[in-house]
Amino acid sequence: MNVEVLDRSAAAPQASSRLMIADGDIHPRPASAKDLYPWLSRQWQEVFETFGSRARQGWEKGSAYPKMQPMASRRDAWPKTGGGPASDLAFLREQLLDLHHIELGIMNPLSPSGQGFQNTDLSIAFTRAVNEWQVACWASQEPRLKASIVVPYEDGAAAAREIRHWAGNKHFAQVLLLSRTAEPLGTRRYWPIYEAAAEAGLPVGIHAFGYGGTPITTSGWASYYCEEMVGHAVCAQAGLTSMVIEGVFERFPGLKVISIEAGVAWAPALMWRLDAQWKKLKAETPHLQKLPSEYLRSQVWWTTQPIEEPEPRERLGEMIDWLGWDRLIFATDYPHWDFDDPAFAFPFRMSEENKRALFRENARQVYGF
Amino acid sequence: MITGPIDCDVHPGVASMEAILPYLDPMWRDMAERRGLDELISISYPSNSPLTVRADWRGKNNRAACTPAELAAQCLEPFGSSIAILNCLYSIQLFFSEDLARGFARAVNDWIRAEWLEKDARLRASILLPTQNVDYAVEEIERLAPDRRFVSVMFLISEETPPGRRAHWPIYAAAARHGLPVSLHAGSSYRNPPSPVGWTSFYTEDYVNQATAFQTGLTSLITEGVFAKLPELKVVMLESGFTWLPGYLWRLTKFWRGTRQELPWVTEPPAHYVREHVRFSLQPFDGPAEPADVERLFTLIDSDELLLFSTDYPHWQFEGTAALPAGLSPALVRRITLDNPLATYARLRETVA
């Protein structure tokens, strides 16, 4: 049973990589929602405590599909100071940033973030509080960590206001969305978000998960957590398809999008299919000027965790050759259970140039640090 | 002994509702007329979409072949096909009424038998199932299974509940008992949005997302354990695309390792079940253009047994007779066009092998 943490005290943790690297997906959490209260009015504190987040899922607490681990986290990620995984900056520095030589870590707060709350005004207030908390408790305390602007994305205009509020603040590296929204992410209601992000020079990260309220399969609700986890890849495929076909990339040529925690190996096949089918059906989308794959190859990046693990592992490299090594951003997903260790996630030979691009340079270019 | 390809995904045209009416029970025929029932054409294949009927296959009535003779001229002879499996897309799956679905499934299947199978010995067909009610679906299998020209049973990849769910298992058990592979065809009954992130604006998205439907549908079949329960079961993914298979299986295998606690009946890695039980039709081939890349792709797929030749007639997936992508070795072509279909459809072996 997965209930005990191995005692590794006899051997101090070894630095797993000597390269200074970037990490595109770290999940800080407040020790308690009350940590956010300095930035949340008394009225919203009471609404949140009394009625909850009202996201589009049934359980009051926990997620739609029970995770395989408590809080979906590594069993060794609970800080001795109390609070949940990734709630203690000192311990996060020790267990993640220092150990793995991370010089740039992108924070993606998920639980709670205020994103996907059905009560729009609560979502507006809550996301602001989470943004203030990221700056006050994390980014201003630790220069290696950069924040993501969480936004009340189901209200495009309000989300754009939140982006403009923080535009120019160097603690923020991107705007964060979740992949499972009320409608596909290419639809017009979300365009104010892309407009504001492009204007602020911030990439838009789209992280797997969310609360769209529609099944993760086109044939209805899946039964298992395994299906949900595998399904995040098709949500990302459908989301990018929507953004391409609706014309988001054509309309906002300065927009950069990062697909986070949804996989990498499906991207070449999606591009082949999009190109092949669009060529036949393009009369429907005269607003597109380029092949779908051209938009994706120039405006989209993919974070690597959870990295696919073919046998033999070199095959992943062949798939990345098709996608392009310039499109990848390494990520750990700390403190979650399916964490990728930078020393072990890519156990095959790659050129020094590709290694530098994957672990560092692509991120520095996209996030602008 | 046959030598020409076995075309595993061909769509016979229905000229109009008038063609089906004589095969309906009188009560349903009467109701279809009184209620002014429209033709059973799904938005999965809009009548005038260029993909639905390739331009040079579009006849005077704006449809493709609606008779065996027309089909032979456009779909069998140009490809030298020796056998074609008819998968009728007249969309009985969209009915909300179980009873209407049952009535029309019977009629369409009887029409296929009388108007197609009786008229050209090269034709075989899949039994359309009214899956709105599992008992009715099993009943239809039992009714038609004695006719060995029905070589498969068919429903859509996107229906009301995921295909692996236990409620469907009596269908799989009946199909396996009769040596009939279960074919899941692209398309939706639109009980659920046509993308995993909601209703899409464009047909282009709907069609592209069919590939995601097959990915989640296959996950459902594997995780629910139907292959562990029914070792004889074969499933054929029709018009599914397959170039997504390597990346998909790598991800599924990784998460199967991480979530085996909740799936104790899935005792083998997912690729094992795919190799033993699942096959994919060739078209649409959404792959790389360069033959060398196609060859690499097949290395990643890691099997020469998974693909079944198909033209997907009359859907526009290629030009001329170029149904086989460049870059396949002669040995692989032989497998795809003949060996794999014969290994998949037990009933073909009885009559043509």
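**Aromatic rings and their contacts**

In this predicted model, A:Phe330, A:Phe346, A:Phe348 and A:Phe359 are joined into a cluster by ring pairs. Rings of Phe, Tyr and Trp (its six-membered ring) are taken to pair if their centres lie within 6.5 Å, and such pairs are called stacked with planes under 30 degrees apart, edge-to-face over 60 and tilted for the rest. Over all chains, 29 aromatic pairs are counted by this rule. One of them is edge-to-face because the ring centres of A:Trp191 and A:Phe252 are 5.9 Å apart with the planes at 80°. Distant parts of the chain, 61 residues apart, are linked here: A:Trp191 belongs to helix H5 (residues 191-200) of chain A, while A:Phe252 lies in the loop between helix H7 (248-251) and strand E6 (257-260) of chain A. Helices (H or I, at least four residues) and strands (E, at least two) are DSSP runs numbered from the N terminus.

A:Trp191 counts as buried at 10% relative accessibility, and A:Phe252 is buried with a relative accessible area of 10%. Buried means under 20% relative accessible area, exposed over 50% and partly exposed in between (1.4 Å probe, protein chains only).

In chain B, B:Phe227 and B:Tyr273 form a stacked pair, 6.5 Å centre to centre with 20° between the planes. B:Phe227 sits in helix H9 (residues 226-229) and B:Tyr273 in helix H11 (residues 270-277), 46 residues apart. Both B:Phe227 and B:Tyr273 are buried.

Charges also meet rings. The charged end of A:Arg327 sits over the ring of A:Trp301, 4.2 Å from its centre, and B:Arg296 lies over the face of A:Trp322, 4.8 Å from the ring centre. For this, NZ of Lys or CZ of Arg must be within 6 Å of the ring centre and within 35 degrees of the ring normal.

Residues are numbered from 1 along each chain as its sequence is written, and chains are lettered from A and ligands numbered from 1 in the order in which they are written. In this predicted model local features need pLDDT of at least 70 and side-chain atom pairs count only at pLDDT 80 or more, whereas totals for chains, interfaces and linings use all residues; side-chain values use heavy atoms, with hydrogens and water left out.
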